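Try each task before you read its solution.

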Amino acid sequence: MNVIIPETKRIRKNYLMALAGIGLLLIISQGIIQYQIGLQEDNSYLIKVAGKQRMLSQRLTKSLLVYTATPDSLEKLYWKEQALESLNALQDGVTWLHIISAEKFPDNARMNRKLDSLRPLLADMIGYTGVTF
């Protein structure tokens with residue numbers, strides 16, 4: 001009977017060590033997962049802004065196309081206002097993306113040059129339609 005008690009203690013000790021090891025691995029893996037989620041939060045926000053920029057550029061294009069095809073002056077005024085709202089929102093988004101890129105990627109001059117090059121393109125979109133704001 002004395003032989004069984006030390007064997008039980010040894011099994012209990014091994015069982016507790018295994019449980020402690022599993023618990024430690026769970027805590028470490030949860031830390032790694034939370035770290036990765038934190039890294040991807042910025043990406044999801046940038047993807048959201050990029051999607052909004054795409055939607056605004058499509059809305060701007062639609063507004064300008066309808067504006068040029070509409071003979072009614074009252075309807076033209078409506079579509080002109082829609083185009084101006086889209087253009088302003090689009091330019092604000094470009095400014096925001098430029099600020100974020102400067103904060104996150106200060107050494108990425110190529111990205112900053114590309115963002116700077118968008119402003120004249122936005123102005124050209126308006127210029128080609130003959131719409132005056």
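Valine 66 is found in helix α1, where helices (H or I, at least four residues) and strands (E, at least two) are DSSP runs, numbered from the N terminus. The model is predicted: local features need pLDDT of at least 70, side-chain atom pairs count only at pLDDT 80 or more, and totals for chains, interfaces and linings use all residues. Residues are numbered from 1 along each chain as its sequence is written, and side-chain values use heavy atoms, with hydrogens and water left out.

**Exercise 1. Get to know the chain**

Work out how many helices and strands the protein chain holds, and what share of its residues is buried.

Step 1: Count the elements; the chain has 3 helices and 0 strands.
Step 2: Read along the sequence, and the pattern comes out as α-α-α.
Step 3: Turn to burial, where buried means under 20% relative accessible area, exposed over 50%, and partly exposed in between (1.4 Å probe, protein chains only). Of the 133 residues, 17% count as buried.

**Exercise 2. Start from valine 66**

Decide how accessible valine 66 is, and find its C-alpha distance to lysine 76.

Step 1: The relative accessibility of valine 66 is 23%, so valine 66 is partly exposed.
Step 2: Valine 66 and lysine 76 are 10 residues apart in sequence, and their C-alpha atoms are 8.0 Å apart in space.
Step 3: Now follow lysine 76 to a ring: lysine 76 lies over the face of tyrosine 67, at 4.4 Å from the ring centre. For such a charge, NZ of Lys or CZ of Arg must be within 6 Å of the ring centre and within 35 degrees of the ring normal.

**Exercise 3. Trace the contacts of glutamine 82**

Is glutamine 82 buried or exposed, and which residues does glutamine 82 touch, not counting those up to four places away in sequence?

Step 1: Locate glutamine 82 in helix α2.
Step 2: Its relative accessible area is 18%, so glutamine 82 is buried.
Step 3: Contact means heavy atoms within 4.5 Å. Leaving out residues up to four places away in sequence, glutamine 82 touches Arg59 and Ser63.
Step 4: Widen the view to the chain: among contacts with a separation of 6 or more, 63% come from residues 24 or more positions apart.
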